[in-house]
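Reader: I would like to learn how to read helix faces, helix packing and charged pairs from a set of coordinates. Could you take me through them in turn?

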Amino acid sequence: MSAGPETPLGALGAALREGRTRKGWTVPQAAEETRIPLHYIRKLEDGDVSGIPAAVYTRGFVRAYAKTLGLDEAPLLARLDEAGVRSATEPSAAEAVPAAA
C-alpha cells in the first residue's frame, strides 16, 4: 500500500524516487548500488515501511540510500520522525546534535 505524497512517508518515497531517477537508475540498479534488497527499495519509494523488520533498519536504509543518491539525509529522517518511525535508542533528526567542526 503506497502512501500519498501529502503524507510524511509519501514525501520521503517521492524524494528517494526523484533522486534515483535524476541519477538515471532503475530500481534494480539502485538496489545494486546501495546493497539494499530490491523489495525494500520499492517499499521505501512507495512510502510503505510496513514490511521492513524494524525502525532501525528503515532508518539505516534511508540513510544509505540518501547518501548513495547524494541527498541530505536529515530531512528524510525527519519525515520518518513525523511518521513515528524511530528506533528506541536513536534521537529524532531534530534532537540530533551536529558534530563539531
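Predicted model: local features only at pLDDT ≥ 70, side-chain atom pairs only at ≥ 80, totals over all residues.

Reader: Which residues of helix α3 are buried, and what covers them?

Author: An α-helix has 3.6 residues a turn, so residues three or four places apart point the same way. In helix α3, which spans residues 38–46, the buried residues are Y40, I41, L44 and E45, and because they cover an arc of only 135° around the axis, they lie on the same side of α3. Their cover includes α1 (8–23), α2 (27–34) and α4 (55–69).

Reader: At what angle do α2 and α4 pack?

Author: Two packed helices are described by the angle between their axes and the distance between the axes. Here α2 and α4 pack at about 105° with their axes 10 Å apart, which means that α2 is roughly perpendicular to α4. The contact is formed by A30, E33 and T34 from α2 together with A64, Y65 and T68 from α4.

Reader: Which residues are joined by salt bridges that share partners?

Author: Side chains of opposite charge can pair when their charged atoms come close. In this model E45 forms a salt bridge with R20, the closest N and O atoms being 2.6 Å apart, and this pair links helix α3 to helix α1 across 25 residues. R17 forms a salt bridge with E45 at 3.8 Å between the closest N and O atoms, and R17 also forms one with D46, at 3.7 Å. Through shared partners, R17, R20, E45 and D46 are joined into one network.

Reader: Are E45 and D46 buried or partly exposed?

Author: E45 counts as buried, at 5% relative accessibility, whereas D46 is partly exposed, with a relative accessible area of 33%.

Key: Residues numbered from 1 in each chain as written. Heavy atoms only, no water. Buried < 20%, exposed > 50% of the residue type's maximum accessible area, 1.4 Å probe, protein only. Helix = DSSP H or I, 4+ residues; strand = E, 2+ residues; numbered from the N terminus. Arc of directions from axis to C-beta. Contact = heavy atoms within 4.5 Å. Axes fitted to C-alpha atoms, helices over the stretch in contact; angles between N-to-C directions. Parallel < 35°, antiparallel > 145°, perpendicular 65-115°, else oblique. Salt bridge = Lys/Arg side-chain N within 4 Å of Asp/Glu carboxyl O.
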